[in-house]
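Trainee: Could you walk me through this structure feature by feature? I would like the general idea of each feature and then the case at hand.

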Amino acid sequence: MLFLARMDVVFPESMDAATKADFQVREKEYSGNLQRQGVMKGIWRVVGEYANYSIFDVDGHDELHEILSGFPMFAYMNVKVTPLAKHPNATTDDFFGA
């Protein structure tokens, strides 16, 4: 099942730079592992915002929830998830290629 997730990060103003940097390092490793595993099919930055859009390919809602809640920054994220289905006008069977 494919899902589009928008993740907006909102750190508390009181968070120090070293803590924020540590979160960013752990976040990069976590998302990198998901991409290497083929679970996170892509990630795109939202220009001018501390936010991204990501596409996940998972078996279901519970797996996606587990993955999202595993992000190191999850406590500081606002996440909006949209389930995706193939559009009948799509000209390819697999957007991500073989």
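Predicted model: local features only at pLDDT ≥ 70, side-chain atom pairs only at ≥ 80, totals over all residues.

Trainee: Where is the place of S31?

Mentor: Helices (H or I, at least four residues) and strands (E, at least two) are DSSP runs, numbered from the N terminus. S31 sits in helix α1.

Trainee: Which residues does S31 touch, not counting those up to four places away in sequence?

Mentor: Contact means heavy atoms within 4.5 Å. With residues up to four places away left out, S31 touches M40 and F71. A polar contact is a pair of N or O atoms within 3.5 Å; within protein, one must be able to donate a hydrogen and the other to accept it, and residues adjacent in sequence count only if both atoms are side-chain atoms. Here a polar atom of the S31 side chain lies 3.3 Å from the backbone oxygen of K28.

Trainee: How many aromatic pairs does a search of the whole structure find?

Mentor: Rings of Phe, Tyr and Trp (its six-membered ring) pair if their centres lie within 6.5 Å; planes under 30 degrees apart count as stacked, over 60 as edge-to-face and the rest as tilted. The search finds five such pairs. One of them is F11 with Y50, edge-to-face at 5.9 Å centre to centre and 75° between the planes. F11 belongs to the loop between β1 (2–9) and α1 (17–36) and Y50 to the loop between β2 (40–45) and β3 (51–57), so this pair ties together parts 39 residues apart in sequence. F11 is buried at 12% relative accessibility, while Y50 is partly exposed at 40%.

Trainee: Why is the pair of F23 and Y76 edge-to-face?

Mentor: Because the ring planes of F23 and Y76 stand at 80°, with centres 5.4 Å apart. This pair links distant parts of the chain, with F23 in helix α1 and Y76 in the loop between α2 (61–69) and β4 (77–84), 53 residues apart. F23 is buried at 11% relative accessibility, and Y76 is partly exposed at 24%. F11, F23, Y50 and Y76 form one aromatic cluster.

Trainee: How many salt bridges does the count come to?

Mentor: Side chains of opposite charge can pair when their charged atoms come close. A salt bridge is a side-chain nitrogen of Lys or Arg within 4 Å of a carboxyl oxygen of Asp or Glu. The count comes to four. In helix α1, R26 and D22 lie four residues apart, about one turn of the helix, and their closest N and O atoms are 3.1 Å apart. R26 is partly exposed at 37% relative accessibility, as is D22 at 39%. E29 and R36 also meet in a salt bridge, 3.7 Å from N to O; E29 is partly exposed at 46%, whereas R36 is exposed at 60%.

Key. Residues numbered from 1 in each chain as written. Heavy atoms only, no water. Buried < 20%, exposed > 50% of the residue type's maximum accessible area, 1.4 Å probe, protein only.
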